[in-house]
Amino acid sequence: EKGYETGEHAPGLKLGACGAYKAAHHIIKTHAKVWHSYNSTWRREQRGMVGISLTSGWGEPVDPHSQTDRDAAERYIQFHLGWFANPIYRGDYPEVMKNYVGKKSAQQGLGTSRLPTFSVQEKTYIKGTSDFLGIGHFTTRYVLQKTFPFLQVSSYHTDPDLAELVDPSWPAPGPKWLYSVPWGFRRLLNFIKTQYGNPLIYVTENGVSETVQCSQLCDEWRIQYLKGYINEILKALNDGVNVKGYTAWSLLDKFEWNKGFSERFGLYHIDFKNKNKPRYPKASVDYYKKIISANGFPNPREVMS
């Protein structure tokens, strides 16, 4: 969406309300082709696995007793995670996505939906093309129904008719978008279990950045973030979710999209102004080392059920 609709990220194409959907359509078909290629050529010899890694927040209804808010939260997840996961695990785009984009396209006077369609053959070819699901997850939003004016040009952001809110009590140690809401991760993982037949899951990205550099490398808030989120994965494991591995994001400070080197996710601080780019461990390094060596929380009393 940022690369092909708004042009905010590379490759910087401003293709309008069809751009993101077209790009995603090609990505999904290409992913399936790669999976089939490996499956037919290399799997018997190498016994490897091919999956896809998808990044998604969790959407929680503002009022859990309101069907309207619950439906809006469902659309939030389907327009993020379901957009790619549903074709791969269930054979087609989510019904709610097809309905909402189709409805908006008709209102615009378009003959066909801005969301492309898969042929019967493509649906069969794509379904089941993932030996595991990689999940990147960082934060959560409260979601409620919001109807955008008809005259407004529809886009990926306006198609699902929803608004996102945050709780001001949520810690926000890093950038404006990244609030620490550990409980959302457990709900997302359980959603995946229910929606996609409890696939094998590897957490491929989970972490928090700092926008203000701490000269003493004292990222206690990152330790609390990791502790909270890893604990929710443990709860999800107890729920029966098939999580096999976890990767903290990220080992080093690095180039972060259009934020460049200003947003730092690393466990290790990098001095980018020094031509040798020296690395310095932040406080979170020692904590995460203990997590790795214990394959979990070093002290059982830290675990909150």
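Let's start with H3, the helix that gives the largest share of the lining of the largest pocket, five residues. Helices and strands here are DSSP runs numbered from the N terminus, a helix having at least four residues (H or I) and a strand at least two (E). Before going on, please keep in mind that this is a predicted model, where local features need pLDDT of at least 70, side-chain atom pairs count only at pLDDT 80 or more, and totals for chains, interfaces and linings use all residues. Residues are numbered from 1 along each chain as its sequence is written, and side-chain values use heavy atoms, with hydrogens and water left out.

Back to that pocket. Helix H1 (19-41), strand E1 (52-55) and helix H3 (67-90) each bring at least two residues to its lining. The space inside comes to about 1600 Å³. A pocket, on a 1 Å grid over the protein atoms alone, is an open set of points where a 1.4 Å probe fits, with protein on both sides within 12 Å along at least five of seven lines; lining residues have an atom within 4 Å of a point. The volume is the space filled by probe spheres set on the points, which are joined across faces, edges and corners.

Which residues are closest to the centre of the largest pocket? Out of 39 lining residues, they are Glu1, Lys2, His9, Thr55 and Trp257. By class, the lining has 19 nonpolar, 10 polar and 10 charged residues. Here Ala, Val, Leu, Ile, Met, Phe, Trp, Tyr, Cys and Pro count as nonpolar, Asp, Glu, Lys and Arg as charged, and the others, Gly among them, as polar.

Let's stay with Glu1 for a moment; you'll find Glu1 in the segment before H1. Its side chain is joined to that of His157 by a polar contact of 3.4 Å, meaning a pair of N or O atoms within 3.5 Å, one able to donate a hydrogen and the other to accept it, where residues adjacent in sequence count only if both atoms are side-chain atoms. Setting aside neighbours within four places in sequence, Glu1 is in contact (heavy atoms within 4.5 Å) with Thr6, Ala20, Tyr156 and His157. Pro11 is also in the segment before H1, and the peptide bond from Ala10 to Pro11 is cis, with omega near 5 degrees.

Now for the second largest pocket, with about 400 Å³ of space. It has 14 lining residues, and Ile230, Tyr246, Ile291, Asn295 and Gly296 lie nearest its centre. H7, strand E7 (243-246) and H8 each give two or more residues to this lining.

How do H7 and H8 sit, and what is the angle at which they cross? The axes of H7 (residues 220-238) and H8 (residues 283-294), lines fitted to C-alpha atoms over the stretch in contact, come within 9 Å and cross at roughly 25 degrees. That makes H7 roughly parallel to H8, a term for angles under 35 degrees. Arg222, Ile223, Lys227 and Ile230 of H7 meet Ala283, Ser284, Tyr287, Tyr288 and Ile291 of H8.

One last stop: the bond from Trp249 to Ser250 is cis too, with omega near 5 degrees.

Terms used:
Axes fitted to C-alpha atoms, helices over the stretch in contact; angles between N-to-C directions. Parallel < 35°, antiparallel > 145°, perpendicular 65-115°, else oblique.
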